[in-house]
Amino acid sequence: QVSRLAELPYSSCSDEDDDGDPPCRDMTQQDPGPWCPPRPSPFSRCVRCLTFLWNLLFLLLGLLLLALGVWGLLAKAAQHLGAPLGSDPMLLFVLGGLGASAVSLAGCLGALRASPCLLRFVLGALLTLGGLQVLGGLLLVLARRRLRDLLRDLLLLCLLRYRDDPDLQFLMDEVQRSLQCCGLGSYRDWESNPYFNCSAPGVQACGVPGSCCQHSAQSGPVPNAQCGFGALALGPAAAGAVVHVEGCEDALGAWLRGQAGAMAAGATTLVLVEAVGALMALRVLRD
């Protein structure tokens, strides 16, 4: 456009031409030239910088989550342990890390380059995620009884496949060690496990895992895995001196009820953080 302006004929305008006609119009006024957007205000630049840093933080967290999931999958593959890939819980870390990294990377590039397409993608992803979280929270409140049945089924699965799945074994050990309980309803439930049944071959027969023992939490970094051997052959009084005889179903339910406020506060904080990110992306998009 500048080159076009240079080629246009220049006419000197005066109040009146020599022939008495009205003053001529400058040809350069017919082309206003390139349009320049207004410079953003300091507040807009600050919001854009905060949006970039916000997305950068969650990009790093997403990459960390992705690395943790990949490390878990590779570690299990090297040891030939674990469930198939489709049901491996480490796959959730991988998918969550990929999703968080993709959205955060789009947010970083959108804030850095002021790209409306990327900013709309980030805004839509945050609104969708926040809506799903609110919907999930409402479903949990409305289906409390169903959730209790699901927890019971999960504990039963952990008990039956204790030696077959390392993830379920880790989960059951943590529950029994933290809540100081054993089995589902009582320590006698371990008779349902084929490795701990009294008719099973091996030294684990008529025993319970070491996480059921009374002092398993204070036994150091390497707990005594044989402290529960033979506990099923003892009576309730004698077994109570060695292992925890109470079941984990009631203990886990009581713990979840006690942590309901903390979990609700954490979920609310997460939704508010996502709302802040959505508002910053919306402001940059409007600018």
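Predicted model: local features only at pLDDT ≥ 70, side-chain atom pairs only at ≥ 80, totals over all residues.
Let me start with the cysteines. How many disulfides does a search of the whole structure find? Four. Number the bonded cysteines in sequence order, and the pairing reads 1-8, 2-5, 3-4, 6-7. I will take three of these bonds in turn.

First up, Cys 181 and Cys 248. Their sulfur atoms sit 2.0 Å apart. This pair links distant parts of the chain. Cys 181 is in the loop between H6 and helix H7, residues 236-240. Cys 248 is in helix H8. Now burial. Cys 181 has a relative accessibility of 1%, and the cut-off for buried is under 20%, so Cys 181 counts as buried. Cys 248 is at 0%, so Cys 248 counts as buried too.

Next, Cys 198 and Cys 206. Here the sulfur atoms are 1.8 Å apart. The S-S torsion is about 110 degrees, so this disulfide is right-handed. Are its two ends buried or exposed? Cys 198 is partly exposed, with a relative accessible area of 40%. Cys 206, at 14%, counts as buried.

Then Cys 213 and Cys 227. Their sulfur atoms are 1.8 Å apart. The torsion about the S-S bond is about 105 degrees, so this one is right-handed. Both Cys 213 and Cys 227 lie in the loop between H6 and H7, so the pair ties together parts that are 14 residues apart in sequence. Cys 213 is at 4% relative accessibility and counts as buried. Cys 227 is at 23% and counts as partly exposed.

What about Cys 46? Cys 46 is in no disulfide. The nearest cysteine sulfur belongs to Cys 49, and that atom is 6.8 Å away. Cys 46 is partly exposed, with a relative accessible area of 42%. One more cysteine to note: Cys 117, at 57% relative accessibility, counts as exposed.

On to helix H3. The helix runs over residues 90-113, which is 24 residues.

Which residues of H3 are buried? The list is Met 90, Val 94, Gly 97, Ser 101, Val 103, Ser 104, Ala 106, Gly 107, Cys 108, Gly 110 and Ala 111. A reminder on helix geometry. An α-helix has 3.6 residues a turn, so residues three or four places apart point the same way. Look for that spacing from Met 90 to Val 94, and on to Gly 97 and Ser 101. After H3 comes Ala 114, with a positive phi near 55 degrees.

Last topic, the cores. The largest nonpolar core has 23 residues. Which of them touch the most other members? Trp 190, Val 208 and Val 243. Three helices each supply at least two residues of this core: H5 (144-160), H6 (166-179) and H8 (248-258). There is also a second, separate core, with 11 residues. Its members include Leu 119, Val 122, Leu 123 and Ala 278.

Note on methods. Residues numbered from 1 in each chain as written. Heavy atoms only, no water. Helix = DSSP H or I, 4+ residues; strand = E, 2+ residues; numbered from the N terminus. Expected span 1.5 Å × (residues − 1). Buried < 20%, exposed > 50% of the residue type's maximum accessible area, 1.4 Å probe, protein only. Core = buried A, V, L, I, M, F, W, Y, C linked by side-chain atoms within 4.5 Å. Disulfide = S-S within 2.5 Å.
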